[in-house]
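Me: I have a structure open and would like to learn how to read it. Can we go through it feature by feature?

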Amino acid sequence: MDKQTIETMVGVLDARMNRQLKEYLDICVRCAICKDACHQYVATQDMKYLPARRAELLREIYRKYFTKTGQFLPDLYEAREPDENMLDELYESTYACTGCRRCTFYCPFSIDTAWITSISKAILIAAGRGNEMLGQLADAEIFKGDNAEMFHDSTIDGFKDIETQVREMTGNPNAEIPVDRQGADILYVALAGAHSILPAAVIFNEAGASWTLSFFESANYGFFFGDPAKAKLIADRFMNEAKRLGVKEVVITECGHAYRVAEMFYEAWAKEKMPFRVRHILEVIDEYIKEGRITVDAAAIAERVTYHDPCQIGRNGGIFEQPRDIVRSIAPDFVDMTPNRDKQWCCGGGGGIVAMEEFNDVRLKSGGKKVEQIRATGASVLACPCENCRLQINELNEVHDLGLRIVPVMELVVEAMPLLGTRSVTQ
Ligand code: SF4
Ligand code: SF4
């Protein structure tokens with residue numbers, strides 16, 4: 001590997017170095033408790049998926065360039081200059097990590113391996129070894145942001161079609177999907193596709209909310225790719241829209257990583273406090289039900305229902321109770337998985353891994369714990385508020401013949417609402 005590439009990689013690590021990271025890189029005692037927490041290691045018993053091993057690769061570079069002992073006695077202190085073989089291993093262990101942070105909750109020192117792998121991604125990108133597919137998807141999102149006019153008419157036509165469906169469902173000829181409405185209270189940021197817009201639009205209309213739909217989608221492949229600059233440019237699209245419209249809050253659809261980007265990372269990237277708050281759509285729906293702004297039938301979902309805590313919403317986002325309260329309010333036979341909340345098993349589909357074919361094998365194997373959990377509940381319906389998790393669990397559903405109906409939480413809510421129209425949400 002040439003000297004200039006190594007210097008660039010070390011420069012990237014240096015730019016990210018702070019006390020917290022240094023501590024994480026220094027204090028691992030190799031107890032290996034984290035191995036039983038990682039769904040990928042449990043499924044494969046492959047050392048490259050052991051959380052501490054994933055971090056060890058970055059530690060070897062750190063010791064070589066940031067510690068005196070590693071600099072002068074590299075063999076004794078396990079310090080290593082990066083080479084192509086090391087980058088191969090770093091690539092596989094890093095881009096396979098779903099960022100679920102389950103290992104952090106089991107590590108006695110709470111070492112945040114997902115944070116460490118996010119820095120490994122930045123180093124890989126600096127060496128020209130970032131994942132190509134995620135990079136291309138991120139660039140496509142940035143292109144759409146830069147050329148919004150090109151997509152304007154077809155996007156608005158799509159929204160108008162969904163608006164017609166909202167009117168058919170609610171029986172309200174005045175129900176609407178506003179776009180670009182100045183002074184609305186809420187900017188709702190959906191994913192691409194009617195499934196992410198229709199149920200929310202029904203709920204906002206029935207609640208009499210002051211809202212407007214974002215022209216842009218919430219998905220952020222720059223975040224999965226591991227490039228905060230690209231991730232910020234993608235999130236800029238709707239954050240700038242929110243500022244321009246003067247909304248009081250940005251509400252993110254049922255999507256885990258998009259919620260974290262907007263709520264937890266964006267202000268730090270932008271180095272600026274936003275003039276609005278950010279909430280997840282399930283926080284808003286829970287509030288509407290509890291305040292009586294929407295009516296739901298308490299016995300609407302007769303089947304046994306369980307709930308999957310997406311890692312980016314639950315363990316990493318802190319939203320555990322609102323989705324459960326919503327589901328309990330419409331499904332009397334609700335059964336939680338074991339373990340749940342911050343100990344919930346990752347489904348195996350996060351971190352952008354569903355978009356990277358090369359990891360299909362480990363991805364499907366690593367869903368084994370989730371399959372066991374779901375089976376043990378005896379549920380036939382899975383409420384699941386994250387698109388990546390739904391993609392993964394849909395595949396697990398087929399492979400393992402689980403016979404599950406996998407539904408976004410807001411879609412279940414709409415099923416439970418006594419609407420006056422003729423059309424159902426799944427038509
Ligand atoms: S549990 Fe924590 S301290 Fe133990 S090996 Fe894993 S990362 Fe290191
Ligand atoms: S964050 Fe999740 S996938 Fe990554 S090492 Fe930890 S447990 Fe494994």
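Reply: Start with a term: two elements are in contact when they have heavy atoms within 4.5 Å. Keep in mind that this is a predicted model. By that cut-off, what covers the buried residues of α18 includes β5 and α19.

Me: Which residues of helix α18 are buried?

Reply: Buried means under 20% relative accessible area. In α18, residues 368-377, the buried ones are Lys370, Val371, Gln373, Ile374 and Thr377.

Me: Why do they line one face of the helix?

Reply: An α-helix has 3.6 residues a turn, so residues three or four places apart point the same way. Viewed down the axis of α18, the buried residues fall within an arc of 165 degrees, so they line one face. On the other side of α18, Arg375 and Ala376 are exposed. The helix is followed by Gly378, which has a positive phi, near 70 degrees.

Me: How do I read the sheet, and in what order do its strands lie?

Reply: The strands of a sheet pair through backbone hydrogen bonds, either parallel or antiparallel. Here three strands form an open sheet in the order β5-β6-β7, with parallel pairing. The edge strands, β5 (305-307) and β7 (405-407), each pair on one side only. On average, neighbouring strands of this sheet are turned by 25 degrees against each other, direction ignored.

Me: How many bridges join β5 to β6?

Reply: Three bridges join β5 to β6, residues 381-383. For Val305, the bridge partner in β6 is Val381. Helix α19 (residues 387-399) packs on the sheet and touches β6 and β7. The direction of α19 makes about 180 degrees with that of β7.

Me: Which residues other than glycine have a positive phi?

Reply: Arg30 is one of them, with a phi of about 60 degrees. Arg30 sits in the loop between α2 (19-26) and α3 (39-44), and it counts as partly exposed because its relative accessibility is 48%. Asp180 has a positive phi near 65 degrees. Asp180 is in the loop between α10 (148-170) and β1 (186-189).

Me: Where is the peptide bond that is cis?

Reply: The bond from Thr338 to Pro339 is cis, with omega near -10 degrees. Pro339 belongs to the loop between α16 (321-328) and α17 (360-365).

Me: What surrounds ligand 2?

Reply: The residues around ligand 2 include Cys38, His39, Cys97, Cys100 and Cys103. By class, the shell has six nonpolar, three polar and two charged residues.

Definitions and conventions: Residues are numbered from 1 along each chain as its sequence is written. Chains are lettered from A and ligands numbered from 1 in the order in which they are written. This is a predicted model: local features need pLDDT of at least 70, side-chain atom pairs count only at pLDDT 80 or more; totals for chains, interfaces and linings use all residues. Side-chain values use heavy atoms; hydrogens and water are left out. Two strands pair if DSSP finds at least two bridges between them. Helices (H or I, at least four residues) and strands (E, at least two) are DSSP runs, numbered from the N terminus. Axes are lines fitted to C-alpha atoms, for helices over the stretch in contact, and angles run from 0 to 180 degrees between N-to-C directions. A residue is near a molecule or strand if one of its heavy atoms lies within 4 Å of it. Ala, Val, Leu, Ile, Met, Phe, Trp, Tyr, Cys and Pro count as nonpolar, Asp, Glu, Lys and Arg as charged, and the others, Gly among them, as polar. Buried means under 20% relative accessible area, exposed over 50%, partly exposed in between (1.4 Å probe, protein chains only). The arc is that of the directions from the helix axis to the C-beta atoms.
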